[in-house]
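Hi,

Here is the structure I promised to pass on. Have a look at it first, and then read my notes below.

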Amino acid sequence: MSQNDTIITFRNVSLAFGHEKTILEEANFSIREGMKISLMGQNGAGKSTLFKLITKKISPDAGEIAINNQLTIATAHQVIDPDDRQMTVEQYFHRAFPTESHELRKRMSAVLEVVNLMVPFEKMINDLSGGQQARLLLAAALIQNPDLLLLDEPTNNLDYAGLYHLTDFLMNYKKSCIVISHDADFLNAFTQGVLYLDSFTHKIEQYSGDYYDVIEAIAARMDKENRENARLAKEIQENKDKANFFAHKGGKMRNVAAKMREKIEEYEADKVDVRKEDKTIRPFIIPVQQDISDLTIKISSFTVIENRVEVTKKADLVFGKNFHLQIIGPNGIGKSTFIEALATKKAAGAEMTDGIKIGYYRQDFSTLNYQHTVHDSLEEAIGGSGGAGTEEQLRAVASSFLITKELMTTQVGRISEGQKGLLSFARLVLQKPGLLILDEPTNHINFRHLPRIAEALNEYQGAMILVSHVADFVAQIRIDQILDLER
């Protein structure tokens with residue numbers, strides 16, 4: 001295939017799940033060989049579903065998807081399936097690239113070096129950190145040597161070194177690539193165009209340039225549409241005034257009034273629907289547990305992984321309400337393991353006040369029951385079924401996090417990863433924790449929501465422990481002390 005070959009074309013493609021969940025409506029776009037494209041849109045708009053259409057895991061309701069017959073495609077998904085986490089690294093690669101053991105190990109070594117992941121082949125995936133799993137997902141796609149690489153939120157859980165390495169790799173990548181990400185700066189480093197999935201019109205808007213070019217183009221179009229509608233509204237009002245005036249004159253003047261009303265209808269028809277901006281969650285606060293007089297957390301030691309060996313280090317941390325602790329360290333050192341032990345009150349070197357309520361935001365959302373409906377999950381967070389006031393509070397909080405009436409009856413396992421993130425924050429608001437523990441809370445979240453989330457965490461009056469590799473996000477939050485696990 002040459003650089004000018006079109007490898008994928010969508011022609012009037014429509015897709016809906018049931019009567020109320022439209023994903024695409026007569027979507028049109030095309031991708032040429034060698035292009036690097038950003039796929040962007042609101043949480044839950046259907047970006048991951050678009051990947052499933054491209055890989056033919058699902059079929060459209062209408063329209064045509066033309067894919068070059070010679071094209072090979074591989075996908076690096078957002079997260080590793082929970083059932084796959086009991087595999088070894090080698091078993092996971094073998095499923096993606098079934099071949100003889102010697103050849104497989106040779107290819108594994110090559111792609112693991114590309115993604116800068118040095119782990120034993122026999123290591124269980126469940127024992128890898130979130131950042132290591134993110135790199136493994138990319139490596140499992142690369143081992144297939146595809147013509148088109150589909151990356152779904154590849155920066156989640158990556159530390160600074162991992163993000164730099166991934167960005168450098170994609171800048172030098174010679175084949176075609178479509179990337180879903182909410183990290184505009186990451187995307188702008190290597191992509192040459194944007195596919196924007198509008199969650200209101202369900203159309204695909206195709207732009208050249210980077211995301212900032214898209215924002216500028218959308219703003220200019222909205223301004224033009226608003227100005228044209230304002231002009232038409234003025235014309236409509238003037239003609240209405242004249243039509244009313246002539247209608248009261250009687251006789252032939254009524255015919256003039258009728259023609260003016262026809263003109264009004266033409267102007268009304270010419271008005272356009274101005275493009276709606278992506279919705280942003282409303283400002284919120286996370287209330288603090290009130291039924292506990294004293295709140296104290298003591299950390300005297302913690303365990304990390306250094307050179308593949310567990311090492312226990314001493315610490316001298318004592319903190320309570322209104323104290324924000326950030327935990328830092330490279331991928332694989334054991335940050336998630338440490339804070340999970342804190343969240344489950346199993347950390348050997350930690351003590352905390354009896355009765356403290358812990359709000360735990362886990363990066364893989366495994367604290368959520370995927371069989372529950374979203375409403376069940378929120379009801380669990382609030383403490384079970386209550387009266388009308390409790391239900392009213394639950395629905396008000398849900399609405400502020402863009403959880404619609406339709407989503408309330410949907411199983412947690414069927415909503416998007418971004419929506420799981422917003423659900424997790426809604427649960428924290430309802431839980432009213434005394435200790436807030438957050439493990440990579442920006443993962444999967446639309447960048448428009450992040451300032452609101454950062455503001456809420458900055459203002460949180462309880463004790464907080466935060467793990468995040470996103471410097472711009474952390475910079476918006478008051479941090480009282482940093483615990484560096486590498487030191």
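The lining of the largest cavity has three nonpolar, ten polar and three charged residues (Ala, Val, Leu, Ile, Met, Phe, Trp, Tyr, Cys and Pro count as nonpolar, Asp, Glu, Lys and Arg as charged, and the others, Gly among them, as polar). A cavity here is a set of points, on a 1 Å grid over the protein atoms alone, where a 1.4 Å probe fits but cannot get out, and lining residues have an atom within 4 Å of a point. This is a predicted model, by the way: local features need pLDDT of at least 70 and side-chain atom pairs count only at pLDDT 80 or more, while totals for chains, interfaces and linings use all residues. Residues are numbered from 1 along each chain as its sequence is written, and side-chain values use heavy atoms, with hydrogens and water left out.

Back to that cavity. Its volume is about 100 Å³ (the space filled by probe spheres set on the points, which are joined across faces, edges and corners). Of its 16 lining residues, S129, N331, K335, S336 and Q363 lie nearest the centre. Helix 4 and helix 9 each supply at least two residues of the lining (helices are DSSP runs of H or I, at least four residues, and strands are runs of E, at least two, numbered from the N terminus).

Now the rings. There are nine aromatic pairs (Phe, Tyr or Trp rings, the six-membered one for Trp, with centres within 6.5 Å; planes under 30 degrees apart are stacked, over 60 edge-to-face, the rest tilted). F319 and F323 are stacked, at 5.0 Å and 25°. Y361 and F425 have centres 4.9 Å apart and planes at 40°, so that pair is tilted. Y361 lies in strand 14 and F425 in helix 13, so the pair ties together parts 64 residues apart in sequence.

Cheers

How values were computed. On a 1 Å grid over the protein atoms alone, a cavity is a set of points where a 1.4 Å probe fits but cannot get out, and a pocket is an open set with protein on both sides within 12 Å along at least five of seven lines; lining residues have an atom within 4 Å of a point.
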